[in-house]
Number of protein chains: 2
Amino acid sequence: MATIAVENYLKHALLLAERSPDGLVPMGELATAMEVVPGTATTMVKALADSGLVLHEPRRGLRLTAAGRRVALNVLRKHRLVETFLVNVLEMDWAQVHAEAEQLEHAISDAVLDRLDALLGHPATDPHGDPIPSVEGTLNSAVYATLATCATEISLRVVRVTDQSADFLTFAEAHGLRPGAVAHVVDRNLPAGLVTLRRPRGKPFALSLAAAGRIWVAPNEAG
Amino acid sequence: MATIAVENYLKHALLLAERSPDGLVPMGELATAMEVVPGTATTMVKALADSGLVLHEPRRGLRLTAAGRRVALNVLRKHRLVETFLVNVLEMDWAQVHAEAEQLEHAISDAVLDRLDALLGHPATDPHGDPIPSVEGTLNSAVYATLATCATEISLRVVRVTDQSADFLTFAEAHGLRPGAVAHVVDRNLPAGLVTLRRPRGKPFALSLAAAGRIWVAPNEAG
DNA sequence: GGATAGATTTTGACAATTCAAAATAAAGCC
DNA sequence: GGCTTTATTTTGAATTGTCAAAATCTATCC
Ligand SMILES: [Mn+2]
Ligand SMILES: [Mn+2]
Ligand SMILES: [Mn+2]
Ligand SMILES: [Mn+2]
């Protein structure tokens, strides 16, 4: 059985590898994600390489092996199904559940995972719109436009909020920016770094380009 | 924050202290419960004593302090509420849930605990009839008769099954011996070490005195 | 009252995970 | 090409939790 530390390293390696064209994860990025000093990441990556869970390319970075990816996807599936459970069944605040899931993802057995999945009706995404890996180990990695990059003056549907910080999620929630919400970009002022939004029957409000970039959107078919 | 190991030691210390008249837990019993060699228990108990969670009486045993008891009750509450959730909501096998709760009890925050408690309707006992400590830290330690000691030929209600092993629980379940079930002792043969039971509309069946001692019963008021 | 058996403690060691700080490699810049 | 900056690795040490085996108590039994 993978230890909690091993599960966390592999999960973060997967998330970073997904955002990298060639799947190579620099050591420093992993260390930052894990909130450890670089030397600690090096030590752990070497141990993971010895267990066949990653490939270590010295001074370049690391890659998940098939075995490592399998473990990482299982942990990520647990994380996101737990978040969905905490929000949909226990009615917890979506800004809080990431921290809870960070612990629970290591304590849930595959048997409990299956029951949770059934209870929730086999959801495809978690409360933030993050895709839930399937039991078979496939992960929907579709990329969308964001409020920082999408067309203006057309109706949009929020599909994903890619920031786990409680502050940001509370802000998003306060403005109704949850997956499924409808909105459109009224104006984008690049020099000022501002995006102005409006939701149906709502007042226009502004957010920074950086914040807008964390909200993924699709054209609103029904809009 | 107490580590997982510390939480487990304190929880087992509490369970052993509850079954001891003066609250003194011999080192060997703790070591056996924790499945470690005696020296390991000594080392840990000294560390717990340094943190003010137990009192170490060398060569005699240990006692929980108020602080240690508080932590232990919180872990036990998590354990038993999780078991209840797994059986009542996720519909898992009551023989399986102890092992699952053994992990989950360390991953559940107090916030999640509160929500679970509300979802379950503030239960007083878990699926095995084990009392769930209250938020305030009280633990119902009522002692009942067992099938090995109770009167014969009167209607009984099962109130508790005090064995966490999956094998025993599966056996009990197969004979309908869950808390709430009604049965009576047909015969008790001490030399043979056998107790013969019968459930309403069921065939008589036998079990050992040792097994019978793990099933707690009360007179069946409605019987 | 001393030998003995059983429980407990001590000692020395190891695995896992981490940090601080020094050493090294790579990449980019005159 | 040598110099500088930055990322990575190495080294030495600490912490937590564990075991094996030796040492030490303590209660009990002639
Ligand atoms: Mn985690
Ligand atoms: Mn999420
Ligand atoms: Mn446990
Ligand atoms: Mn129980």
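**Reading the interface**

A: The area buried between chain A and chain B is about 1400 Å², and carbon and sulfur atoms give 73% of this area. Keep in mind that this is a predicted model.

Q: Why quote an area?

A: The size of an interface is often given as the accessible area lost when the parts come together.

Q: Which elements of chain A give two or more residues to the side that touches chain B?

A: They are helix H4 (66-88), helix H5 (97-104) and helix H6 (110-120) of chain A. The largest share comes from H6(A), with 5 residues.

Q: What is the make-up of that side by class?

A: The side of chain A that touches chain B has 13 nonpolar, 2 polar and 3 charged residues.

Q: How many salt bridges and how many polar contacts cross the interface?

A: The rule finds 0 salt bridges between chain A and chain B. For polar contact, the count is 6 residue pairs, with both residues at pLDDT 80 or more.

Q: How many residues are in contact on each chain?

A: In chain A, 18 residues are in contact with 18 residues of chain B. Of the interface residues of chain A, 100% are also interface residues in chain B, so the copies meet through the same surface.

Q: What rotation superposes chain A on chain B?

A: A rotation of 180 degrees, with 0.0 Å of shift along its axis, does this with an RMSD of 0.0 Å. The two copies are therefore related as by a two-fold rotation axis.

Q: Which residue of chain A comes closest to the rotation axis?

A: That residue is A:Ala107, whose C-alpha is at 3.2 Å from the axis.

Notes:
Residues are numbered from 1 along each chain as its sequence is written. Chains are lettered from A and ligands numbered from 1 in the order in which they are written. This is a predicted model: local features need pLDDT of at least 70, side-chain atom pairs count only at pLDDT 80 or more; totals for chains, interfaces and linings use all residues. Side-chain values use heavy atoms; hydrogens and water are left out. Copies are superposed by least squares on the C-alpha atoms of residues with pLDDT of at least 70 in both. Contact means heavy atoms within 4.5 Å. Buried area is the accessible area (1.4 Å probe) that two parts lose on being put together, summed over both. A salt bridge is a side-chain nitrogen of Lys or Arg within 4 Å of a carboxyl oxygen of Asp or Glu. A polar contact is a pair of N or O atoms within 3.5 Å; within protein, one must be able to donate a hydrogen and the other to accept it, and residues adjacent in sequence count only if both atoms are side-chain atoms. Helices (H or I, at least four residues) and strands (E, at least two) are DSSP runs, numbered from the N terminus. Ala, Val, Leu, Ile, Met, Phe, Trp, Tyr, Cys and Pro count as nonpolar, Asp, Glu, Lys and Arg as charged, and the others, Gly among them, as polar.
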